[in-house]
Amino acid sequence: PQTYASINGAQYGGVHAKGCVWCTMLYDLYLNLVEVYGFDTNQYRGKAGNNKWTQLVIDGMKLQPCRPTFV
């Protein structure tokens, strides 16, 4: 149950903590997309939730600047 508030302070603010929160958000997004759009075993030509998630993550990485912030 990690949130941004979990790492917003000196107690638990290392790079691994931030990565844990980031991965939790990505996994929640993945599960929601698969629930709504389904799952397709075809990783290259599928149109289901898992394929939409992969495309969203890749497109997001293409748009991020060098040395991005958490937000």
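1. On a 1 Å grid over the protein atoms alone, a pocket is an open set of points where a 1.4 Å probe fits, with protein on both sides within 12 Å along at least five of seven lines, and its lining residues have an atom within 4 Å of a point. In this predicted model, local features need pLDDT of at least 70 and side-chain atom pairs count only at pLDDT 80 or more, while totals for chains, interfaces and linings use all residues. Residues are numbered from 1 along each chain as its sequence is written, and side-chain values use heavy atoms, with hydrogens and water left out.

2. The second largest pocket is lined by Q43, Y44, G46, K47, N50, N51, K52, T54 and Q55, and its volume, the space filled by probe spheres set on the points, is about 210 Å³.

3. As for confidence, pLDDT (the predictor's confidence in each residue, from 0 to 100) has a mean of 85 over the protein chain, where 85% of the residues reach 70 or more.

4. Helix α2 (residues 15–37) and α3 pack with their axes 7 Å apart, at an angle of about 140°, where axes are lines fitted to C-alpha atoms over the stretch in contact and angles run from 0 to 180 degrees between N-to-C directions; helices here are DSSP runs of H or I with at least four residues, numbered from the N terminus.

Methods:
Helix = DSSP H or I, 4+ residues; strand = E, 2+ residues; numbered from the N terminus.
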